[in-house]
Amino acid sequence: MSAKIAINGYGTIGKRVANAVTLQKDMEIIGVTKTRPTYEAWEALRNGFKLFTPAERVPVLEEAGLEVSGTQEELIEEADLVVDCTPGKFGAQMAELYRSKGTKAIYQGGEKHGTAGVSFNAYTCYEQAIGQDHVRVVSCNTTGLARSLYPLHKEGLVRNVLATMIRRSADPGDSKRGPINAIEPSLKVPSHHGPDVLTVIPDIHINTVAVKVPTTIMHMHANAVYLTRDVTPEEVISLWEPYRRLMLIDGFKGMGSTAQVMEMARDLNRPFSDLYEIAIWRDGVHVDHGVLYFFQAVHQESDVIPENVDCIRAMLQIQNDPQTSIDMTDRTMGIWR
Ligand SMILES: NC(=O)c1ccc[n+]([C@@H]2O[C@H](COP(=O)([O-])OP(=O)(O)OC[C@H]3O[C@@H](n4cnc5c(N)ncnc54)[C@H](OP(=O)(O)O)[C@@H]3O)[C@@H](O)[C@H]2O)c1
C-alpha cells in the first residue's frame, strides 16, 4: 500500500516534491494546496493533482473556475504525512494544525530547526528521522555544504571549514526580490548557514559568510577546508566520487560558470530542467599549505527534492536503511550513473 502524501503549498519546492513523489512506487500524492488562483493552481490540476485550499478561500478559487476537492484541513487529516512547502516562517504557523490532526509533517529550510526539533540530510543523518513525527529538511545551501563536507568529515580530514556563500538573490520565477544591481553582504557572521550545518553534522567546525548577487539560477560556494593531514586533490575527488548527489564537472570542458552548468542540466531532460546534484569543479580543487579549496554550485530549487523523498520514507518507516532509500530515490529521479 502506498503512503498518502499531501503537499501544503504548491510553489517552487511544492510542485517539485509532488512530481518526485509521483515517481515513487511506495507513496502517492492525494492532494496539493493553493490559496490563490494563480497559474500554478491550473498547472496542479493539469498534472492530475487534486486541489485543496483553506475553507475561507474555497469561493475565491471556485469563482476563478478551479475545481476544488476540499479544504486544506480535510486534506491534512486524510494524509499520512504532509510536506509543508509554504513560504519561509509559514511552516511554523502551520505546525499547530498538523499537530492537531495528528499528521506527520516535513518542513523546509525556511523554518528554524526548532519548528520540528529534528533536521534531515539523507547522507549525514537519515537515521535520526526514522519514525519521527516532525522533521525539517535543511535549506538548499545547507544541503549543499552537508553533501560535500560529509565524505571529508567521515574520513577525519576536516579541522575547520570557512565557506563563502555567493547566493542567488531570487528564484527565476520571482520578479519582486533583489538586489538587481548590487552585491549585498550578510553582516552577521557567521551567516545562518554555518550553525545550520551543525543540525545535520553536529561535530564539525564550520564558519560561513554570505553575500547576495544579482543572479537567479544557482548559488555558488567557495570553500576552504583546513585539513587534519595532507591530501592530494585526487584523493579528495576519489572520496566524493561514490556519492551520486555530488557531480564532478570540468571547467576545461567549457563549464566555466553557473550558466553552463544549468545549460548542461537542461540537456539532461529532467522535469523543470533541474539539477539535483551539487556540482563541484574537479579542476577547481586545490590543496595548499594544509588547506583544501574548492568551488561548488547549488541549484537552489531542486537539490532538496530527493532529500524530501528520503525523509518521507524515514519518517513513515517505509525504509529504515538509508542507502536503500537513497538508491530508490536516485534511480527513479534519474540521479544514476
Ligand atoms: N526556492 C528555493 O530556492 C528554496 C530552496 C530550498 C528551500 N526552500 C524553502 O522551501 C519553502 C517554500 O519555498 P518556495 O520557494 O517553494 O516558496 P514559493 O515558491 O513562494 O511557494 C510557496 C507556496 O505556498 C503557498 N502558500 C502560501 N501561503 C499558504 C498557506 N497559508 N497555505 C497553503 N499554501 C500557502 C503559495 O501559494 P499561494 O500563492 O496560492 O498562496 C505558494 O504556492 C520555504 O521554507 C523556503 O525557504 C526554498
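Biologist: How many Å separate the centres of domain 1 and domain 2?

Modeller: This is a predicted model. The domain assignment gives domain 1 as 3–138 + 304–333 and domain 2 as 140–298. Taken over C-alpha atoms, the centres of domain 1 and domain 2 are separated by 26 Å.

Biologist: Is α12 parallel or oblique to α13?

Modeller: Helix α12 spans residues 305–315 and helix α13 spans residues 322–333. Their axes come within 9 Å and cross at roughly 140 degrees. That angle makes the relation of α12 to α13 oblique.

Biologist: Is the crossing of α12 and α13 left-handed or right-handed?

Modeller: Pro306, Val309, Asp310, Arg313 and Ala314 in α12 meet Ser325, Ile326, Thr329, Asp330 and Met333 in α13. The residues of this contact divide into five nonpolar, two polar and three charged. The crossing of α12 and α13 is right-handed.

Biologist: How do α8 and α10 lie to each other, roughly parallel or roughly perpendicular?

Modeller: Helix α8 covers residues 140–154 and helix α10 covers residues 233–240. Their axes come within 9 Å and cross at roughly 110 degrees, and the crossing is right-handed. Therefore α8 and α10 are, to each other, roughly perpendicular.

Biologist: How many residues of the contact of α8 with α10 are charged?

Modeller: Ser148, Pro151 and Leu152 in α8 meet Val236, Leu239 and Trp240 in α10. Five of the residues in this contact are nonpolar and one is polar. The number of charged residues in the contact of α8 with α10 is none.

Biologist: What is the radius of gyration of the protein?

Modeller: The protein has 13 helices and 16 strands. Along the principal axes, its C-alpha atoms fill a box of roughly 65 × 45 × 40 Å. The globule rule gives 20 Å for 337 residues and the protein's own value is close to that, so the protein is as compact as a globular protein of that length. The radius of gyration of the protein is 20 Å.

How values were computed
Residues numbered from 1 in each chain as written. Predicted model: local features only at pLDDT ≥ 70, side-chain atom pairs only at ≥ 80, totals over all residues. Axes fitted to C-alpha atoms, helices over the stretch in contact; angles between N-to-C directions. Helix = DSSP H or I, 4+ residues; strand = E, 2+ residues; numbered from the N terminus. Parallel < 35°, antiparallel > 145°, perpendicular 65-115°, else oblique. Left-handed = near helix turned anticlockwise from the far one by under 90°. Contact = placed C-beta atoms within 7 Å. Nonpolar A, V, L, I, M, F, W, Y, C, P; charged D, E, K, R; others polar. Domains from an automatic or database assignment. Rg over C-alpha atoms; globule rule 2.2 N^0.38 Å.
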